[in-house]
Amino acid sequence: MWWMMNEGGGHYCSKKTDDICGDVCGQESSRLSMSRIRCILRGIDLKTYIFLFILVPTCIFGIYIHGQKISYFLRPIWESPPKPFHDIPHYFHENVSMEALCELHGWRIREFPRRVYDAVLFSNEVDILTIRWKELYPYITHFVLLESNSTFTGIPKPMVFASHRDQFKFIEPRLTYGTIGGRFKKGENPFVEEALQRVALDYLLKIAGISDDDLLIMSDVDEIPSRHTINLLRWCDDIPQVLHLRLKNYLYSFEFLVDNNSWRASVHRYQTGKTRYAHYRQTDEILADAGWHCSFCFRHISEFIFKMKAYSHNDRVRFSHYLNPKRVQRVICKGADLFDMLPEEYTFKDIIGKMGPIPRSFSAVHLPSYLLENADKYKFLLPGNCLRENE
């Protein structure tokens with residue numbers, strides 16, 4: 001074997017190396033010269049080049065496109081499920097007396113029902129607001145609605161309710177309507193604007209005359225408690241101070257039933273100085289099968305696009321083609337996700353179980369009565385009618 005050593009006896013070089021390698025034999029190993037780089041590259045075969053210049057960029061591009069999906073799928077690794085609710089069984093039949101229903105829940109019947117306030121923040125959901133108020137009308141003492149000229153994301157919007165107010169004459173004597181000016185701070189966390197509007201709704205409730213032990217419904221417009229649920233809670237004593245409502249969770253219409261796990265809606269026995277309007281978890285108790293949550297249940301494609309850009313999770317619109325009207329229509333009829341996201345779950349079992357389009361439901365049983373009484377007007381919300389108007 002040929003070998004040589006410099007005068008200091010510190011470096012080794014094989015005579016089997018080529019001229020390029022030979023040029024760098026005497027250099028300090030800690031210094032990476034251009035000649036050394038050329039030497040290294042000469043030793044890389046074609047397969048390695050393919051990996052470096054084709055596969056690696058492809059992987060980076062794939063992570064850029066599907067990074068959100070990857071993070072959602074891996075969510076169970078770093079995030080644990082929230083504490084489970086304590087589910088209260090819900091008993092109801094139209095032929096059972098209210099006294100018997102209260103007793104079945106472990107409560108006593110009152111001598112007279114509580115007053116009930118329904119308070120909502122409003123954006124542009126005219127159809128769903130109509131169905132909500134028609135459902136709740138018999139048992140609501142006062143309706144409270146706050147509207148802003150700004151979305152949560154700082155986009156200017158028209159006063160939609162104000163321009164459609166004539167459609168709601170049936171609740172006008174019981175309505176307190178307020179407006180709030182937006183701050184139009186683009187780039188700010190949308191939840192800041194949302195929180196400020198909910199604080200303003202607290203003030204509007206006081207103007208409406210709410211008082212201690214009145215029932216207050218805290219829910220978004222599209223989270224609709226069933227009327228018999230509210231009637232039960234207003235007639236029964238000893239109900240919890242705060243009670244979440246478990247709603248059937250629908251997407252786009254009552255054709256696509258996601259699950260029964262919508263929980264953000266709540267009912268409160270109002271306490272002056274303590275009750276604050278909020279849309280997060282406030283107690284561990286939840287009443288089963290208490291209504292419907294119909295998210296993105298719009299008549300027009302333009303309403304879908306507006307909400308995608310306007311609501312607090314607008315960061316999910318990662319690519320402009322998500323807002324293409326033809327794509328939106330295809331996604332609706334398929335029962336897929338508008339934002340091309342995986343389910344927001346906490347276990348791999350739940351994520352995998354909900355992957356893909358939502359199975360169609362052909363049941364229109366136990367839906368809001370006004371919806372069925374006006375099926376021709378609201379057919380876009382019923383099974384078999386996924387096509388939307390293009391206005």
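Figure 1. At a relative accessibility of 61%, Ile-77 counts as exposed, because exposed means over 50% relative accessible area. Ile-77 belongs to helix α4. The model shown here and in the other views is predicted. Together with Ile-70, Leu-74, Trp-78, Phe-348, Ile-352 and Met-355, Ile-77 forms a nonpolar patch on the surface, and the accessible area of these residues together is about 680 Å². Two or more residues of the patch come from each of α4 (75–78) and α12 (348–354).

**Figure 2. The largest nonpolar core, around Leu-129.** This core has 50 residues, and those with the most contacts inside it are Leu-129, Trp-133 and Leu-381. Helix α6 (residues 126–136) gives six residues, the largest share of the core. Leaving aside neighbours within four places in sequence, the contacts of Leu-129 are Val-120, Phe-122, Leu-145, Phe-161, Phe-168 and Val-221.

**Figure 3. The disulfide between Cys-102 and Cys-236**. Three disulfides are found in a search of the whole structure. In the pair shown, the sulfur atoms of Cys-102 and Cys-236 are 1.9 Å apart. The torsion about their S-S bond is about -90°, so the disulfide is left-handed. Distant parts of the chain are linked here: Cys-102 lies in helix α5 (residues 98–104) and Cys-236 in strand β10 (residues 236–237), 134 residues apart. Cys-102 is buried, at a relative accessible area of 0%; for Cys-236 the value is 0%, and this residue is buried too.

**Figure 4. The disulfide between Cys-294 and Cys-297**. The S to S distance in this pair is 1.9 Å. With a torsion of about -80° about the S-S bond, the disulfide of Cys-294 and Cys-297 is left-handed. Both Cys-294 and Cys-297 are buried.

**Figure 5. The disulfide between Cys-333 and Cys-386**. Cys-333 and Cys-386 are joined with an S to S distance of 2.1 Å. The torsion about the S-S bond is about 90°, and the disulfide is therefore right-handed. The bond links distant parts of the chain, 53 residues apart: Cys-333 is in helix α11 (residues 325–334), and Cys-386 is in the segment after α13 (369–373). Cys-333 has a relative accessible area of 18% and is buried. Cys-386, at 17% relative accessibility, also counts as buried, because the cut-off for buried is under 20%.

Conventions. Residues are numbered from 1 along each chain as its sequence is written. This is a predicted model: local features need pLDDT of at least 70, side-chain atom pairs count only at pLDDT 80 or more; totals for chains, interfaces and linings use all residues. Side-chain values use heavy atoms; hydrogens and water are left out. Patches are made of residues with over 30% relative accessible area and no salt bridge: like charges are joined within 9 Å, nonpolar side chains (Val, Leu, Ile, Met, Phe, Trp, Tyr) within 5 Å. Accessible areas come from the Shrake-Rupley method with a 1.4 Å probe; for residues, only the protein chains shown count as cover. A salt bridge is a side-chain nitrogen of Lys or Arg within 4 Å of a carboxyl oxygen of Asp or Glu. Helices (H or I, at least four residues) and strands (E, at least two) are DSSP runs, numbered from the N terminus. Buried means under 20% relative accessible area, exposed over 50%, partly exposed in between (1.4 Å probe, protein chains only). A nonpolar core is a set of buried Ala, Val, Leu, Ile, Met, Phe, Trp, Tyr and Cys residues joined through side-chain atoms within 4.5 Å. Contact means heavy atoms within 4.5 Å. A disulfide is a pair of cysteine sulfur atoms within 2.5 Å.
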